[in-house]
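Dear colleague,

Please find the structure below. My notes on what was found in it follow directly after.

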Amino acid sequence: MSDATPDTPQVGFNDLLRFLLEVFAIVTLGIFGFVAFELPWPGVLLGIGLPLVAILLWALFRSPKAVFRVDPFVKALVEIAVFSSAAIAWWVMGQPVIAVVFGVVAAVSGIINGRREFGG
């Protein structure tokens, strides 16, 4: 018999990977704001603002305890927006290998999660 209660969600490898991808995307957007734009303005504003916008979008629509309960397609769009912004940021910063690897890993993880969310 399992020690987990029925209310305890099971955390799998893909869940951990998705969390790490989310953190990586947020950090990436911060780095991008500070590195790709002139300091102090608009670099500081974007270095702080871009990650905050990503966190806000994720908290409102995508997190497990999201403020708004939305259709899985809306969740997917928010996820695609945040993750592709991070991949594009790496590409713009001249790091195409990181951009492609991050994009592929995020896409595969998203497909696995989407199949679970849609019951497929």
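**Threonine 28 and its surroundings**

Leaving aside residues up to four places away in sequence, threonine 28 touches Ala86, Ala89 and Trp90, where contact means heavy atoms within 4.5 Å. This is a predicted model, in which local features need pLDDT of at least 70 and side-chain atom pairs count only at pLDDT 80 or more, while totals for chains, interfaces and linings use all residues. Residues are numbered from 1 along each chain as its sequence is written, and side-chain values use heavy atoms, with hydrogens and water left out.

Threonine 28 is found in helix 1; helices are DSSP runs (H or I, at least four residues), numbered from the N terminus. Threonine 28 counts as buried because its relative accessibility is 0%. Buried means under 20% relative accessible area, exposed over 50%, and partly exposed in between (1.4 Å probe, protein chains only).

**Helix 4**

Helix 4 has 22 residues and reaches 31 Å from its first C-alpha to its last, close to the 32 Å expected at 1.5 Å a residue; the expected span is 1.5 Å times one less than the number of residues. Within helix 4, the residues Ala99, Phe102, Ala106, Ser109, Asn113 and Gly114 are buried. They lie on the same side of helix 4, because they cover an arc of only 140° around the axis, taken from the directions from the helix axis to the C-beta atoms. The buried residues of helix 4 pack against helix 1, helix 2 and helix 3. Val97, Ile111 and Arg115, on the other side of helix 4, are exposed. After helix 4 comes glycine 119, with a positive phi near 75°.

**The two pockets**

A pocket is an open set of points on a 1 Å grid over the protein atoms alone, where a 1.4 Å probe fits, with protein on both sides within 12 Å along at least five of seven lines; lining residues have an atom within 4 Å of a point.

The largest pocket holds about 500 Å³ of space, a volume being the space filled by probe spheres set on the points, which are joined across faces, edges and corners. Its lining has 16 residues, and Asp15, Arg18, Pro64, Asn113 and Arg116 lie nearest its centre. Helix 1 gives the largest share of this lining, five residues.

The second largest pocket holds about 280 Å³. It is lined by 18 residues, with Ala76, Glu79, Ile80, Ala106 and Gly110 nearest its centre. Helix 3 (72-92) and helix 4 each supply at least two residues of that lining.

Yours sincerely
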